[in-house]
Amino acid sequence: MKAALLKSYGDVDQFEIADLPAPKPGPGEVLIKIEASAVNPFDLILRQGLMAQYIPLPLPAVLGGDAAGTISALGEGVTGFAVGERVVADFAANGKGAHAEYGVVPSTSIARLPAALGFEQGASLVKAGLTGRQTVEALGVKAGERVLVSGGLGTVGRSAIQYLKQIGAQPVAGVRPERLNEGRGLAGETLDITVAAASPSFDYAISTAGPVAGNLIGHVRDGGTVASIVPVPEGANTAGRVIVRELYHRTDAAMLDAILASAASGELVIPISYTFTLDQIGLAQNAVAAGAPGKVVLKH
């Protein structure tokens, strides 16, 4: 099979398109013929070796955490799925990722792709959809409560904002000044997240953008709660003034089902900025590094 292989940690010149043996599913696993995969900022961190101390890759490695395709084979003991079904898959960061023609994942890491969604859409929804929804759930917000979301026009921020609207909460998109109108169209209310707060006015916030994480915390009242997927800047939360719940994406097939249903109904929209071919993996990663406003997808 064709795969985008990372030979060594470094820049995008460390990728090569290689022919590898197609994997076989073990007990409890499924083999997927991958039609599309997404490139996430985390892939760039892995490529550069910035997480090697915590997530050492077995180089050469195949990256990619989000995929959509069809089931090609079922491992022993897998029930509830059939060969030929369209699915999305949440791949682990183990060097056997989604940027290949075939991939193997546990059957607990897949969900059926609704007929209303294409493969590229499916691949764009996995980690962005899960992470956005999990940040909201970590806050425990209820209908009517206001929640500030930094990076509100990023893919995780969009996912969180649209889920907040689904549950009846009131999202406020924290965005750069030139994107205030766009943020207002998505969330209904916006603020310039690049400006420090004159006084805190939120009980809840979601932090998805590292450069403005300190500003976001400044908008939260004493005792308020922040769900964060980015590091908290040193000194930003003096004496633990607010509660910070640091989150890492987790695989959740039932939640994926709900996310895909929301996307199929139009309640969740994650825009795709660029679509590249698998052998354009370097261009795709560079597009993410340059700040593509939506998902960057590889069509296999």
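Predicted model: local features only at pLDDT ≥ 70, side-chain atom pairs only at ≥ 80, totals over all residues.

Visitor: How much space lies in the largest cavity?

Guide: About 40 Å³.

Visitor: And which residues line the largest cavity?

Guide: The lining is made by Gly129, Arg133, Ser159, Tyr163, Gln166, Ile259 and Leu268. Helix 2 (119–139) and helix 3 (155–166) are the elements that give two or more residues to that lining.

Visitor: Which element gives the most to the lining of the largest cavity?

Guide: Helix 3 does, with three residues.

Visitor: How do the residues of that cavity lining divide by type?

Guide: Three are nonpolar, three are polar and one is charged.

Visitor: Which strand gives the most to the lining of the second largest pocket?

Guide: Strand 7, residues 102–106, which puts in five residues.

Visitor: And the split into nonpolar, polar and charged for that pocket?

Guide: The lining of the second largest pocket has 14 nonpolar residues, seven polar and four charged.

Visitor: Changing topic: how many salt bridges does the structure hold?

Guide: There are 13. One of them joins the side chains of Arg146 and Glu189, at 2.7 Å from N to O.

Visitor: Why does the Arg146 and Glu189 pair tie together parts that are apart in sequence?

Guide: Arg146 sits in strand 9 (residues 146–150), while Glu189 is in the loop between helix 4 (180–187) and strand 11 (190–192), so the bridge ties together parts 43 residues apart in sequence.

Visitor: What does Arg179 form a salt bridge with?

Guide: With Glu182, where the closest N and O atoms are 3.0 Å apart. Here Arg179 is buried, because its relative accessible area of 17% falls under the 20% cut-off. Glu182, at 37% relative accessibility, is partly exposed.

Visitor: Which residue does Asp222 form a salt bridge with?

Guide: Arg241, with the closest N and O atoms 2.9 Å apart. That pair links distant parts of the chain: Asp222 lies in strand 13 (residues 220–228) and Arg241 in the loop between strand 13 and strand 14 (243–246), 19 residues apart.

Visitor: Is Asp222 buried or exposed?

Guide: Asp222 is exposed, with a relative accessible area of 61%.

Visitor: Which residues do salt bridges that share partners join into one network?

Guide: Asp66, Asp90, Lys127 and Lys295.

Visitor: Tell me about Lys127, then. Where does Lys127 lie?

Guide: Lys127 is in helix 2, and at 17% relative accessibility it counts as buried.

Visitor: What about His219, is it buried or exposed?

Guide: His219 is buried, at 9% relative accessibility. You'll find His219 in the loop between helix 5 (213–218) and strand 13.

Visitor: How far apart are His219 and Lys142 in space?

Guide: They are 19 Å apart, C-alpha to C-alpha, and 77 residues apart in sequence.

Visitor: Where is the place of Leu50?

Guide: Leu50 is in the loop between helix 1 (41–47) and strand 4 (61–62). Leu50 counts as exposed because its relative accessible area is 56%, and the cut-off for exposed is over 50%.

Terms used. Residues numbered from 1 in each chain as written. Heavy atoms only, no water. Helix = DSSP H or I, 4+ residues; strand = E, 2+ residues; numbered from the N terminus. Nonpolar A, V, L, I, M, F, W, Y, C, P; charged D, E, K, R; others polar. Salt bridge = Lys/Arg side-chain N within 4 Å of Asp/Glu carboxyl O. Buried < 20%, exposed > 50% of the residue type's maximum accessible area, 1.4 Å probe, protein only. 1 Å grid on protein atoms, 1.4 Å probe; cavity = no way out; pocket = protein on both sides within 12 Å on 5 of 7 lines; lining within 4 Å. Points joined across faces, edges and corners; volume = space filled by probe spheres on them.
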